[in-house]
Amino acid sequence: MNKQMISVRQLTIIVMFFSIGTAILILPASISQQVKQDAWIATFLGILLSFLVVKLFILVGNITPNFTLVESYENILGKYVGKLISLAFVLFTFFAAGELLYYLGDFMKSSVMPETPLAAFGIMFMIVICYGVYLGIETFARSAEILFPIFVLIFLLFVIFISPQIDINNIQPILETRTKPLIHSILLFTSTFSFPLIVMLMVFPASVNVHKSSSKGIYIGIIAGGIVLISVITLAILVLGASNASQMSYPSYAMAQRISIGNILERIEIIMAFLWITTIYIRTFMYFYASVLGLSQILKIKDYRPLVLPMGMILIAISLIIHPNIIHSNKFSEEIWLPYSFVFAILLPLLLVVVAKFRKIKSE
C-alpha cells in the first residue's frame, strides 16, 4: 500500500479536534465536582502542563522520524520487547476507541433519542469510522479540513447565544479550592486533554509532508483545543453554576438547551451537538486507525485494510460491554484513566528517550 501523507495544516486541525475529544462533554462535570468554581483555573494550568507532555511526544517522534510509534518501539527497544509493548499499545488504543463508542451511544440515547438501542448508534458511527480508515489518513485529513470552519462557526454562535445567561457571581469566590483537589483536577484534565495525543505519533512526523514545521502545527493545535475547552468549562460555571454543572452528565449540552433568542430561536441543542459528535469522531478515528495500523505493522502486513472490518465489528461488541452504566464510566474516567494512560503517554515515551540515548540513536 502506498504511503499516505498529510499537510501541517491538516495535522494542526486533527490535533485540535483530537485534544478536545470527549473532554468537551465530560470534563465540565468532573472538574467542577472537585474544584467547584475554580474549574477554569485547573483547566488553564492543565493546558500549560500539556505543553511539557507534547514536548515529550515531539522528542520521541523526532528520534525516528520515518517510523510510526509502533515501529519505533521495535526499532529502539528490540524485536521482542518492542513487539510486546507495541501490542499493549494497540490494545490501549483499541479499548479507548470502544470507550468512545460507548460515550457517543450513551449521549445520544440519554439526551437525544432515548428509545433507540445503544447498539444502533455504535453500528452507524462505526460504519463511518471503518469507511474512513479504509480510505486512509489523507481522506480523513481532508474531511477534518471541511469540518473545521463549520465547527468554528457553530462554536462562536454557541458562545454568543449563551453569553446573555452568564452570571459572574457563579465564579466567585476565586481560589477557594485546596491544593490537593486542584492538583488532582489538573492531572485529570491533562490525562484527558494531552495524554491521548500519544496516538498522534502514529502519523507524526512519519506521515507529515513537511517535518520541520510539523512540531509547530501540534503546538498550535493544542492551543486552539485548549481555548475551546477553557471557554466551555468557564461558561458551564458562569451559566449553570458549579453545583449544577457538577451534578450533570453533560453540562455543555444542558447549556445549549438553555439558549433562547426572542422566543424564536430555541431548542437548537441538537445543532450544538454537532460540535461534540465532530470531536468524538476525530478521536475515535485516530484511536481505531492507530490500532489497525499498529496491528498490521506488528504482524508485518503491508496493507492494513483487510483488518478494518473484523476489528470494527469487534469494537462494536466491546463498546456494548466496556461499561455497564454511566456511573461505572465516570468512575473509570476519574480513578482509572489517569494512571492507565500515564503508562502509555509518559512512562513508555520516557523509556524510548532513555534507551535511544543509551544506544546513541540521535534525534533528527
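Helices here are DSSP runs of at least four residues, numbered from the N terminus. Keep in mind that this is a predicted model.

Q: By about how much of a helix are Phe285 and Tyr289 separated?
A: Both residues belong to helix α12, which covers residues 269-298. Within α12, Phe285 and Tyr289 are four residues apart, so their separation is about one helical turn.

Q: Are the rings of Phe285 and Tyr289 stacked or edge-to-face?
A: A pair of aromatic rings is described by the distance of the centres and the angle of the planes. For Phe285 and Tyr289, the centres are 5.8 Å apart and the planes meet at 10 degrees. Planes under 30 degrees apart count as stacked, so the pair Phe285 and Tyr289 is stacked.

Q: What kind of pair do the rings of Tyr102 and Tyr103 make?
A: Their ring centres lie 6.4 Å apart, with the planes at 55 degrees. Planes under 30 degrees apart would be stacked and those over 60 edge-to-face. The pair of Tyr102 and Tyr103 is therefore tilted.

Q: Is Tyr102 buried or exposed?
A: Tyr102 has a relative accessible area of 4%. Buried means under 20%, so Tyr102 is buried.

Q: How are helices α2 and α8 oriented to each other, roughly parallel or roughly antiparallel?
A: Two packed helices are described by the angle between their axes and the distance between the axes. Helix α2 (residues 23-35) packs with helix α8 (residues 179-193) at about 170 degrees, and their axes are 9 Å apart. Angles over 145 degrees count as roughly antiparallel. It follows that α2 and α8 are roughly antiparallel.

Q: How many charged residues does the contact of α2 with α8 have?
A: On the α2 side, the contact includes Leu27 and Ile31, while α8 brings residues including Leu188 and Phe189. By class, the contact has eight nonpolar and five polar residues. The number of charged residues is none.

Q: Is Lys300 buried or exposed?
A: Lys300 is found in the loop between α12 and α13. Its relative accessibility is 58%, and the cut-off for exposed is over 50%. Lys300 therefore counts as exposed.

Definitions and conventions: Residues numbered from 1 in each chain as written. Predicted model: local features only at pLDDT ≥ 70, side-chain atom pairs only at ≥ 80, totals over all residues. Heavy atoms only, no water. Axes fitted to C-alpha atoms, helices over the stretch in contact; angles between N-to-C directions. Helix = DSSP H or I, 4+ residues; strand = E, 2+ residues; numbered from the N terminus. Parallel < 35°, antiparallel > 145°, perpendicular 65-115°, else oblique. Contact = heavy atoms within 4.5 Å. Nonpolar A, V, L, I, M, F, W, Y, C, P; charged D, E, K, R; others polar. Phe/Tyr/Trp six-rings, centres within 6.5 Å; stacked < 30°, edge-to-face > 60°. Buried < 20%, exposed > 50% of the residue type's maximum accessible area, 1.4 Å probe, protein only.
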